[in-house]
Amino acid sequence: MGDALRIAVVVGPTSGGIGRHVHAVVRQLVAQGHFVVVVAPSATDDLLGWRATGARLVTTPVGESSPAAVGRAVSSIRAAAKGVDVIHAHGVRAGAVAALARVHPLVVTWHNARPARWQRRLVHPVAERLAARASDVALAVSPDLLARARQAGAGHAALVPAPAPEVPAPSRVPAEVRASLGVGDRPLVLAVARLEAQKRLDLLVDATAGWASRPDGPVVAVAGTGRLAETLTRRAKTVGSPLVLLGRRDDVPDLMRAADLVVLPSAWEGYPLAAQEALQLGVPLVATAVGGVPTLVGDAARLVVPGDPAALRTALEELLRDESERARLSRAGVQRAATWPTLAASVNELVGIYRNLVVR
């Protein structure tokens, strides 16, 4: 395995799949005997618990845009980088701050496309250029992000997976989960997503308009938190969508096992953990054909064009009616998931990248 490395991991604000992926990577690195210091906003520690990985934590406002916050983050990254072998920033914003700190060797993983909020969209191209040109290695989780990294000036860029952590064993049987949600024998469509514009949950609401009065009484449940909770609730009531917001959940695999379908209506995704977990668990997936999703799922999920509620509605209704097709997708999903790189293999690949940079 080689000598232990000293690694600084820089992470910006994250409450979803990116944070869970990085958390799992850090835990694996520490388990291999490497020293890891995580530089991240305090809010991510509240959600993810970095110390539970065995890493040392430095809290600082990575990703905030005010000059004072940027200055504090730059200083913290410089201090954390002293004596380490490599710095790995996850996300373009984290990469841009690491670029300002002038720390090397620097690896930047591109996890996400341009943000939906217009204020962040304005500065995102600048952050991309900073992160790309300062990185010794740029890694991207989807082909479109790889192209963006190269276009922004990355000299050495490569495609890498972002595998989900191992799915835990069930803590409850599906019937118990469904009973706790008040679903009973009704169809259950589940989305796992932040309540933010990128996830296009408004599209899901419009696609299920009128379902609240259907005789079979399907339930559309969303596990996640975000700024759009009230907006989505009002819209669902207006159009008659049976949307139920479950809030933040720690039992997502149990929820998936209890669902008839998992839906991912996003405007963009890279290497989405929700899609990975659905296929691993054999739950039929309906997703928009965006970003890295088609490459990830192949023909093991029902893909629809993005931004089209009619297409999404048709796919959901067809699958809810067709038990045999759901069974086929379930089998295909498990088979597809078995071909993906494991988290352990991906971490070993990262360690190889780190070692190559150290010996240059």
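These legends describe close-up views of a predicted model. Residues are numbered from 1 along each chain as its sequence is written, and side-chain values use heavy atoms, without hydrogens and water. Local features need pLDDT of at least 70, side-chain atom pairs count only at pLDDT 80 or more, and totals for chains, interfaces and linings use all residues.

View A. The structure holds one cavity of 30 Å³ or more (a set of points on a 1 Å grid over the protein atoms alone where a 1.4 Å probe fits but cannot get out; lining residues have an atom within 4 Å of a point). Among the lining residues are His21, His88, His90, His111 and Glu349. By class, five lining residues are nonpolar, six polar and one charged (Asp, Glu, Lys and Arg count as charged; Ala, Val, Leu, Ile, Met, Phe, Trp, Tyr, Cys and Pro as nonpolar; the others, Gly among them, as polar).

**View B. Elements around the largest cavity.** β4 (86–90) and α15 (343–358) each supply at least two lining residues (DSSP runs: helices H or I, at least four residues; strands E, at least two). α15 gives the most, with three.

**View C. The open sheet.** Six strands run in the order β10-β9-β8-β11-β12-β13, with parallel pairing (at least two DSSP bridges between two strands). β10 (243–247) and β13 (302–304) are the edge strands.

**View D. The β12–β13 pair.** Strand β12 (residues 285–288) pairs with β13 over three parallel bridges. Val286 has Arg302 of β13 as its bridge partner.

Notes. 1 Å grid on protein atoms, 1.4 Å probe; cavity = no way out; pocket = protein on both sides within 12 Å on 5 of 7 lines; lining within 4 Å. Points joined across faces, edges and corners; volume = space filled by probe spheres on them.
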